[in-house]
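Here is a brief report on one chain. Please look over the sequence and the fold before reading on.

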Amino acid sequence: PEERSRRVAPAPEAEAGEEPLLRGIFEISKRSCDVVLSARRLRWSPILPESPTGVSSINVQAQEEVIEMKDVFSVKLKRRLFVGQKKGGTLLGITIFKCLKKEENKLTDCAIHLNNLSEDHCHSWFRHLKEILNGFQNRPKSLKVFVNPSSHKREATHVYYEQVAPLFRLADIKTDVTVTEYEGHALSVLKECELQAFDGVVCVGGDGSVSEVAHGLLLKAQIDAGKDTDYIPTPVRAPVPLGVIPAGTTNILAHTLHGIKHAVTATLHIIMGHIQPVDVCTFSTPTKLLRFGFSAMFGFGARTLALAEKHRWMPSNQRKDFAFIKTLADLKPEECELSFLPLQIPQEDSHENDKQKREKIKKKGSKDQWHKIQGHFLNVSIMAIPCLCSMAPRGLAPNTRLNNGSMALIVVQNTSRTEFIKHLKRYASIKNQFNFPFVETYTVQEVKVQPQLKSGLDAKENTYLNAAAAEGNYPWNIDGDLMKEASQIHVRLHPQLINLYGVNTDDLESSQATCNCI
């Protein structure tokens, strides 16, 4: 019999001091294999008949394959169902689903089939595998999902139900889905939502949708904590992580988190519970909180968005191109005063952890001097994250990080249209977009922007944007959402205020196990 004729190498777990939980025989890729399960790994190697001259154990071990259990997200009993049969069926074995790293930061799902016709054998392995998976604490079991059906080419609904929902079901994640019907719908739902019923919140949409959900999630946290939502100098952290499924045009936050616009990759980061703490800004007037957000633009970036919003009847790409070209043709600087508190880097202490260093920066910042610059600026960017996208692969603010406790303040002084275009073109290249005499960059903790009301506007300049400026309402682009404010805007950074699903995929180990991909 096969059992007596095979040679089995000693279990590597036993040699390493890691106790095997189960050991058995399964057919994998049409070969009988010796399979060993431990809390950390699933290993298997082909069962080879013993040679009369003996076979080196090294050669046997060389064929061993390994799956890290931290890369597994689902396990199912595999059954053969006949036509019309929905339940039961003949048990064929177990299927294990794992997360596999591909090229360009992509993740995909992969299936490994362990075939064995024994009910008792398969159920025992199934129970042990499920127990291991249930031990991963960060993995969500229940999610609140928002889908914006109007995002980009109205593709968000298709993306969710065709690509995202099947993976959530495969991972046994329960979902409560709201398909938003109007701007502000997600915000109103979140204000009334019992977040303790969920392990996370997911947004399927573009930058505007994600901005609204992130703001709503953080605002709900302040309401639950009894904070005055008009003035929040020290906000509390969001109680649950936020997942971002890209289904918009630029998808800056998703691209920054995952390094790519790819719905399956974003979904698998959520399923696997990959958590990334991220810095958040508050945008406030002297009397009220306007928004929680990650980035903002005043000047050219905001005027372009304001003009695009006035032409929403046009297809998405056409209106953005039109608004960009028209705003560039009518290029005008904004007169304003910028006040900012530079980030002071404390002297390094090897015994301090990151939290202690941030506290030292916070205490020191209260004693530091504010810097002021006044003049005419074509664009002012304030960004707490790098803001990667296909049009700016290095990021709009490549010198900042997701959670380094600082913001990038990028100031573009008034210059000629030709020079400004050269600056913009640099974002799409590998050249330094800030290497111009009219561009200044600062690493800051807080920023105040005070627009100066223009007088004597040319009566012929009767566009929407100049009308807004004449009324004292200046457009702001906050995470792709348009806001108009007349008064000073105060931007504060709050380190690691929210957890987002997503990590640098360079840190995600890819198993080299051979598998049959679905």
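## Helix packing and burial

Helix 10 crosses helix 11 in a right-handed sense. This comes from a predicted model. Helix 10 spans residues 300–309 and helix 11 spans residues 316–329. Their axes lie 8 Å apart, at an angle of about 130°.

Which residues in helix 10 meet helix 11? They are Phe300, Arg303, Thr304, Leu307 and Ala308. On the helix 11 side, the partners are Arg319, Phe322, Ala323, Phe324, Lys326, Thr327 and Leu328. The residues of this contact comprise 7 nonpolar, 2 polar and 3 charged.

Helix 9 is mostly covered. Just after helix 9 comes glycine 273, with a positive phi of about 75°.

The chain as a whole holds 14 helices and 23 strands.

| Chain property | Value |
|---|---|
| Buried share of the 518 residues | 51% |
| Accessible surface | about 24,800 Å² |
| Share of accessible surface belonging to carbon and sulfur atoms | 49% |

Note on methods
Residues are numbered from 1 along each chain as its sequence is written. This is a predicted model: local features need pLDDT of at least 70, side-chain atom pairs count only at pLDDT 80 or more; totals for chains, interfaces and linings use all residues. Side-chain values use heavy atoms; hydrogens and water are left out. Axes are lines fitted to C-alpha atoms, for helices over the stretch in contact, and angles run from 0 to 180 degrees between N-to-C directions. Helices (H or I, at least four residues) and strands (E, at least two) are DSSP runs, numbered from the N terminus. A crossing is left-handed if the near helix is turned anticlockwise from the far one by less than a right angle, and right-handed if clockwise. Contact means heavy atoms within 4.5 Å. Ala, Val, Leu, Ile, Met, Phe, Trp, Tyr, Cys and Pro count as nonpolar, Asp, Glu, Lys and Arg as charged, and the others, Gly among them, as polar. Buried means under 20% relative accessible area, exposed over 50%, partly exposed in between (1.4 Å probe, protein chains only). Accessible areas come from the Shrake-Rupley method with a 1.4 Å probe; for residues, only the protein chains shown count as cover.
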